[in-house]
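Please keep the sequence and the structure in view while reading.

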Amino acid sequence: MSQFLQQMINGLSIGSVYALMAVGYSLVYSIMNFSNFAHGGVIMFGAYFGFFGMTMLKLPFIAAFALAFIGTAVLAVVIERIAYKPLRERSAPFLYFIISAMGASIFLENIIIATIGPTFRTYPEVWSRSSIAIGPLAIGRLDLIMFGVSAVSLTALVLFIDKTKMGKAIQASAYNMKAAALMGVNTDRVVMIVFALGGLLAGIAGVFFGMKYTVYPQIGNITTKSFVAAVFGGLGSLPGAVLGSVLLGIIETLVAGYLSSQFRDLIAFVILIGVLVFRPTGIMGKATEDKA
Amino acid sequence: MDAYLEGIIMLSGINLIAVLGLSLLTGFAGLFSFGHAGFMAIGAYSAAIVTTIFKLPFSLGLAASAIVAAGVSWLIGRATLKLKGDYFCIATLGFGEAIRLILDNFQGLGGARGWPGIPPHTALWNILLLDVIGVVLLAHLVRSRHGRNMIAVREEELAAQVAGIDTFRYKMMALVISAAYAGVAGALLGHYMTFIQPKMFSMVKSTELTIIVIFGGLGSISGSVLGAVVLTFLPELLRAVDKWRLVVYGLAVIGIMIGRPRGLMGGFELTPSSVKRWIADRKDAKTAKADRMAEDAGNGKDVR
């Protein structure tokens with residue numbers, strides 16, 4: 001029983017980082033109806049920003065952390081301006097957006113390989129690696145902080161979307177972009193804010209991910225799993241993205257713990273296929289109808 | 001011939017087969033796939049089983065690769081072709097990755113370490129032969145009633161359905177044929193490298209194939225041929241700046257999407273008759289110009 005609880009804790013902690021990443025996919029999907037594959041690259045940049053902030057600039061952790069999430073927010077907006085805005089103005093089909101995103105993702109990954117190199121880098125230790133014991137359970141300090149920060153940032157995001165005027169504009173644009181524009185919403189700015197928010201969370205996720213594991217250019221392969229989580233929860237739905245991420249994190253650790261760690265990656269894609277076949281809108285996604 | 005040059009020609013020939021299949025699916029039926037490397041993997045492994053374990057001839061291996069890949073794609077299609085746009089893309093991504101991860105974990109076929117010792121049956125002549133067969137078959141298919149129906153599905157699925165086209169059937173047809181092409185390409189690749197590893201068939205490979213099709217131009221077979229040749233040679237020419245090659249590649253993809261989304265040859269076909277027509281047009285233009293000049297001269301105007 002205690003082993004099961006331990007696995008649940010580990011699953012929750014990794015699930016909370018997935019959630020930070022998955023929300024970025026879902027936010028963009030809710031507004032623009034395409035899967036922003038460049039998001040993985042932005043997360044990777046977040047991990048690097050934080051890493052170099054701490055090692056090269058010798059910043060304290062908090063400052064490096066801030067540098068990372070501000071940096072990724074700017075980066076996400078720049079990518080939107082260069083790679084998606086021209087398509088948006090032409091109202092190109094969604095496939096062009098996906099391909100453009102793929103191009104951006106290839107670019108981001110390889111610019112790092114070309115300039116910094118493909119080596120794995122380990123974050124300097126911020127919190128001691130020893131874990132806190134609660135009865136028979138052990139909780140890593142990093143895991144606890146990761147979970148806490150994720151919960152706070154996600155709550156802040158929900159409050160922003162629910163309570164502020166900009167948040168209402170985002171909701172309206174997600175419902176119907178054209179109608180929102182006719183009602184006087186500056187949709188161009190909404191898109192910008194959405195990418196900035198996604199980038200912000202990507203930076204936070206990137207730093208924590210780098211701290212828990214290592215930093216390397218192909219981090220994007222792991223972010224693919226957070227995308228799976230977003231689909232699992234229902235693309236375009238924020239609560240869905242969080243729920244899907246937490247469930248995916250728990251399922252993954254349970255599979256790794258009780259079956260075999262080799263099936264860890266496979267289970268994510270099995271879930272993806274299962275969801276798409278039986279319930280494409282995910283757990284909480286909105287059903288979209290085909291508009292002729 | 002220079003062995004290095006021959007190697008690149010062979011690789012572009014192999015890529016071309018996979019690209020031709022994807023060109024049918026994406027360019028003509030309008031479905032995007034991020035999992036075609038998975039079908040290549042299936043083809044590579046099934047052909048390797050036939051030639052290495054059962055010691056049967058390569059032609060049977062190629063046939064097996066096409067049949068198994070097509071069969072798997074049929075099952076996948078049954079489950080996912082009802083999905084709309086984005087979700088179909090994601091489903092193919094999921095299947096492609098799942099196929100790779102299953103092979104990674106299946107120790108009987110070498111697992112993640114790969115499978116060496118596959119006989120080197122792939123040669124320049126059989127690649128080129130299959131390229132020619134592939135192009136001819138595809139050209140006939142897209143000009144047939146079935147091909148036109150696929151284009152109708154691509155252009156406007158709802159309208160095609162209303163016009164009485166069984167859209168599911170034509171999407172399935174495009175998927176199965178494209179998977180068979182990818183399977184053959186995988187088999188050729190395996191017997192060229194004499195070594196296969198699941199890692200060779202990752203999502204990056206699938207993306208690369210899709211990029212070639214888009215670069216060449218959607219809905220153009222000659223564009224796909226051109227794209228496969230250019231984009232296999234280009235990285236080799238850029239070897240000197242190897243590290244920056246994929247950086248440029250990524251930027252180029254964005255550039256194409258923004259600047260020329262139709263690709264190099266979008267919607268335009270380079271065929272013997274189109275070349276003839278182009279030459280005839282040029283000739284007509286020339287004679288017309290000469291006539292006009294003669295006429296102008298006759299009227300006593302300035303001739304510049």
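In this predicted model, 48% of the 304 residues of chain B count as buried. The C-alpha trace of chain B spans about 90 × 55 × 40 Å along its principal axes. Chain B contains 12 helices and 2 strands, and from the N terminus on its elements follow the order α-α-α-α-β-α-α-α-α-β-α-α-α-α. Among the contacts in chain B between residues at least 6 apart in sequence, 82% join residues at least 24 apart.

The domain assignment of chain B gives two entries: domain 1 covers 3-259 and domain 2 covers 271-304. The C-alpha centres of domain 1 and domain 2 of chain B are 45 Å apart.

We turn now to the contact between the chains. Chain A contributes 35 residues to the contact, and chain B contributes 33 residues. On the side of chain A that touches chain B, helix H3 (61-89), helix H4 (94-115) and helix H11 (263-278) of chain A each supply at least two residues. Which helix gives the largest share of that side of chain A? The largest share comes from H4(A), with 15 residues. By class, the side of chain A that touches chain B comprises 28 nonpolar, 5 polar and 2 charged residues.

H4(A) also packs within its own chain. Helix H2 (residues 39-55) of chain A and H4(A) meet at an angle of about 25 degrees, with their axes 8 Å apart. Because angles under 35 degrees count as roughly parallel, H2(A) is roughly parallel to H4(A). The crossing in which H2(A) passes H4(A) is left-handed. From H2(A), the residues A:Gly40, A:Gly41, A:Met44, A:Phe45 and A:Tyr48 meet A:Ala104, A:Ser105, A:Leu108, A:Glu109 and A:Ile112 in H4(A). The contact of H2(A) with H4(A) has 6 nonpolar, 3 polar and 1 charged residues.

Helix H6 (residues 165-175) and helix H8 (residues 187-212) of chain A pack at an angle of about 105 degrees, and their axes are 10 Å apart. Since angles of 65 to 115 degrees count as roughly perpendicular, H6(A) is roughly perpendicular to H8(A). On the H6(A) side, A:Met166, A:Ala169, A:Ile170 and A:Ser173 meet A:Thr187, A:Val190, A:Ile193 and A:Val194 of H8(A). The residues of this contact of H6(A) with H8(A) divide into 6 nonpolar, 2 polar and no charged.

The loop between H8 and helix H9 (220-233) of chain A holds A:Thr214. Is A:Thr214 buried or partly exposed? A residue is buried if 20 or more other C-beta atoms lie within 10 Å of its own, and exposed if 12 or fewer do. A:Thr214 has 15 other C-beta atoms within 10 Å, so A:Thr214 is partly exposed. Residues up to four places away in sequence aside, A:Thr214 touches A:Phe120, A:Arg121 and A:Thr122. A:Gly233 stands 19 residues from A:Thr214 along the chain, and the C-alpha atoms of A:Thr214 and A:Gly233 are separated by 27 Å.

Conventions: Residues are numbered from 1 along each chain as its sequence is written. Chains are lettered from A and ligands numbered from 1 in the order in which they are written. This is a predicted model: local features need pLDDT of at least 70, side-chain atom pairs count only at pLDDT 80 or more; totals for chains, interfaces and linings use all residues. Axes are lines fitted to C-alpha atoms, for helices over the stretch in contact, and angles run from 0 to 180 degrees between N-to-C directions. Helices (H or I, at least four residues) and strands (E, at least two) are DSSP runs, numbered from the N terminus. Angles under 35 degrees count as roughly parallel, over 145 as roughly antiparallel, 65 to 115 as roughly perpendicular and the rest as oblique. Two residues are in contact if their C-beta atoms, placed from the backbone, lie within 7 Å. Ala, Val, Leu, Ile, Met, Phe, Trp, Tyr, Cys and Pro count as nonpolar, Asp, Glu, Lys and Arg as charged, and the others, Gly among them, as polar. A crossing is left-handed if the near helix is turned anticlockwise from the far one by less than a right angle, and right-handed if clockwise. Domain bounds come from an automatic or database domain assignment.
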